[in-house]
Structures are given as structure tokens and as C-alpha cells.
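The sequence and structure come before the details.

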Amino acid sequence: MDDRELVRRAQDGDSEAYGRLVELHQPMVYATLAKITHDRDLALDVTQDAFIRAWEELDGFERRSAFSTWLYRIAVRLAYDALRRERPREGAGATDRLPDAAPQPDERAAAEDEAALLRRRIEELPVMQRAVVTLRTWNDLSYREIAEILGTTEVSARVSFHHAIRRLRAWYESEANTR
Amino acid sequence: MSTSDRHLSNEEIIRWVEESDPPRDAAAVHLDRCESCRARVAGVEALLSALRAEPPAASATEMAAQRERILAAVRSRPRARVRRLPRRAVWLPAAAAAVAALLLWAPRGTRSPGPAPDAEADSATLPVVFDATRAAEEVVEAADDPDAAERLLQTPSLDPVDPDVAATISDGWSETLEIEAEFAGLSAADREAILTELASVNFMNDPEE
């Protein structure tokens, strides 16, 4: 049974059909949110909230776009709100952040590999650019789909992506030159 | 200077890397002979590759537990017929009424934007510019998109050209809302008749012509 049929049944109140949709999309929604937030626990929380919110608002989904696009739209917006509210979590251990414990300052320069450096730089991007970069590189979505998810225009999504890549490259190169 | 003679811009580099099968164009010719640009392409490729790295997955147990929590919430929470904004059936007439009101309200001499045949005359007689195209687009959008409908009701679709006009627009918009409320109170048949008539309106017609 495809998404369309599952959605139709879920809209008729079939929670089992909705359960199947959750099963199908949960891994990718979580992974996308983990890429955007760089916070494992936050990504899990937002994934759960997104599916519950989607269920609550399922009547409003008119099936003009793919269910996944609509779902991502909810998930990314929730992540966006959560990141704006986000402050360092009390008692959150270093393992809370993705993917590794942060090294002590005196160890940092030695321990930091390129991937860790890149993650730090991505975290410094505006949330919208982070979302565009993730949806483009990780989810492999078209600019049109990204625009639909983020409620922006295709041109704006493309420009955001180019800005983000340019910034990341500039940071990347300047860090590489100083090491 | 042709593309093959100059270094590629950042945009061209990104586009080149994103293309699964880049065309053999001037950029390709340039890349064939420019080590510096090839290095930049390699850099962007490395960056995109790093960006595609898998995020650490949550464990299967965590994901299963989460599915259970989601389903428990779903079962205990019969889907409320959540409606933040009225559905299409309500919005289409409302949106159409808003535009109709603007058309009715638009002062004499108001016209759609576009090349003015006589700019001097226009500046003397056009206190406001009624963006009819935009209004028409908004009606169409509002019919399918509650968010667009909300924007429509917040946006008078009129571009102020000076502060006095802005005030006039504000007054006009209040009137619009009144007309809209009146419209909502009409019978379905009457609303339908107005919508049919509205559908035949050529928004680009200059009321003066």
C-alpha cells in the first residue's frame, strides 16, 4: 500500500494506517532533523512531535504534494522553532550533541578532524541555510521541493544553498590554512 | 571574455559539481586547463560529500519505542478536526469578495500597473496603483492555500505611492472587510452568482477605457 492510500485511510481515522506511515518515514525524518539540529535528543523529540502534529492536522493535508513533503514541512518548522528556543540543556552531557563528545580545549586542536570542524561550522549557519543544505545534500531534494517545505521560493532556496556552501568553503579553507 | 577564459564563479563551481552529467561547455573547457578551478571544484565536491555523511542513527530500540509513543498518542487523541483557517469552500468567496471590493472601491483613474502610455497624465490622475494582477493571483492562490488567504486579508494589494494614499488605502481596506462580511452573509446562490461574474472580470482592464 503506498503513501497515498495510507494517508487516505489515516484521514478516515485508521490509526494503523498512520502507524505504517510512521514506520515508513520515521527513520528519514529523524535523520534529517539530526542533520539540521546536530542534537540527537532534540531530533528525537522533534520527530515525535512532528508525527503527532501531522496526525492532528491530517485533515488539512489535501494530497496535492507528497505526504513526505508535507511531513518534512511540519518537522522542519518544529525544528526551526526548537532551535530558536534552544539553550544549553541543563545537565546535558557532551554525548547530547552530535556526534561525539567535545574534547577539552587544550586537546581540541589535535583531536578535531575535518568532519568535526565541518559540523561546528554548519552549526554556525543560520537555521534556514542549515535546513536547505540538509534537504539538498542529505535528502537529495530539488530546490522546488525544498522551497515547498520551507515555505519559500525556489530561487531563494537556491541562493541560500549557494551562500551556505560558499561560507562553509571559506571557513573550511581558512581553517585548513591556519593548521 | 568568454567563460573558458576566466575563472569560474562560486555559483558556476557549485552548479558544475551538482550536475550529475555536466555539459561539455565553456566551463568544462576552462576546467580542463585551469588547475586552480579544478582545485576549487574538488574542494566543493569534498564539502558536499562531507555534508552527505550519515548522521548517527538512533538505535532500533529507541525508534521502536518512539513509534509506540507516537501511536499511543495517536490512539488517545482522536484527530481533532483542526482548522486554523476556514477551508476552501469558505475562503474562495471571502477572497473573491475582497478583490471584488477592491475593484469596486478603487478610485476612478486607478489602473493596473504596466507601461503607461502617458506618464505625465498618469502621475496627475493616479493616486494609487491597484495591482490587479497580484490581486487576481492571490484569489487563485487563496482558493487553494489557507495561508495565502490569510495573507490576502492582511494585504490590501494596493501599493501606496505617498502617505496620503496609504491612509486612503487603510480606509478602503476597512470598507473591504465590511463588504466581505456582507458577502459572507449572502445566500449561497447569490455568492455563486457574484463569483461567476467575478470570474469573467478582466482584471487588467483599465476602468477608464
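## Contacts and fold of chain A

In this predicted model, 62% of the contacts in chain A between residues at least 6 apart in sequence join residues at least 24 apart. Chain A has 179 residues, and 35% of them count as buried.

The secondary structure of chain A consists of 9 helices and 0 strands. Along the sequence this reads α-α-α-α-α-α-α-α-α.

## Packing of H1(A) and H2(A)

Two packed helices are described by the angle between their axes and the distance between the axes. In chain A, the axes of helix H1 (residues 3-11) and helix H2 (residues 15-37) come within 7 Å, and the crossing angle is roughly 140°. H1(A) is therefore oblique to H2(A). The crossing of H1(A) past H2(A) is left-handed.

From H1(A), the residues that make the contact are A:Asp3, A:Leu6, A:Val7, A:Arg9 and A:Ala10. H2(A) contributes A:Ala17, A:Tyr18, A:Arg20 and A:Leu21. By class, this contact of H1(A) with H2(A) has 6 nonpolar and 3 charged residues, with no polar ones.

## Contact between chains A and B

The contact involves 38 residues from chain A and 29 residues from chain B. On the side of chain B that touches chain A, the elements giving two or more residues are helix H1 (10-18), helix H3 (35-51) and helix H4 (60-76) of chain B. H4(B) gives the most to this side, with 10 residues.

Sorted by class, the side of chain B that touches chain A has 18 nonpolar, 8 charged and 3 polar residues.

Conventions: Residues are numbered from 1 along each chain as its sequence is written. Chains are lettered from A and ligands numbered from 1 in the order in which they are written. This is a predicted model: local features need pLDDT of at least 70, side-chain atom pairs count only at pLDDT 80 or more; totals for chains, interfaces and linings use all residues. Two residues are in contact if their C-beta atoms, placed from the backbone, lie within 7 Å. Helices (H or I, at least four residues) and strands (E, at least two) are DSSP runs, numbered from the N terminus. Ala, Val, Leu, Ile, Met, Phe, Trp, Tyr, Cys and Pro count as nonpolar, Asp, Glu, Lys and Arg as charged, and the others, Gly among them, as polar. Axes are lines fitted to C-alpha atoms, for helices over the stretch in contact, and angles run from 0 to 180 degrees between N-to-C directions. Angles under 35 degrees count as roughly parallel, over 145 as roughly antiparallel, 65 to 115 as roughly perpendicular and the rest as oblique. A crossing is left-handed if the near helix is turned anticlockwise from the far one by less than a right angle, and right-handed if clockwise. A residue is buried if 20 or more other C-beta atoms lie within 10 Å of its own, exposed if 12 or fewer, and partly exposed in between; C-beta atoms are placed from the backbone.
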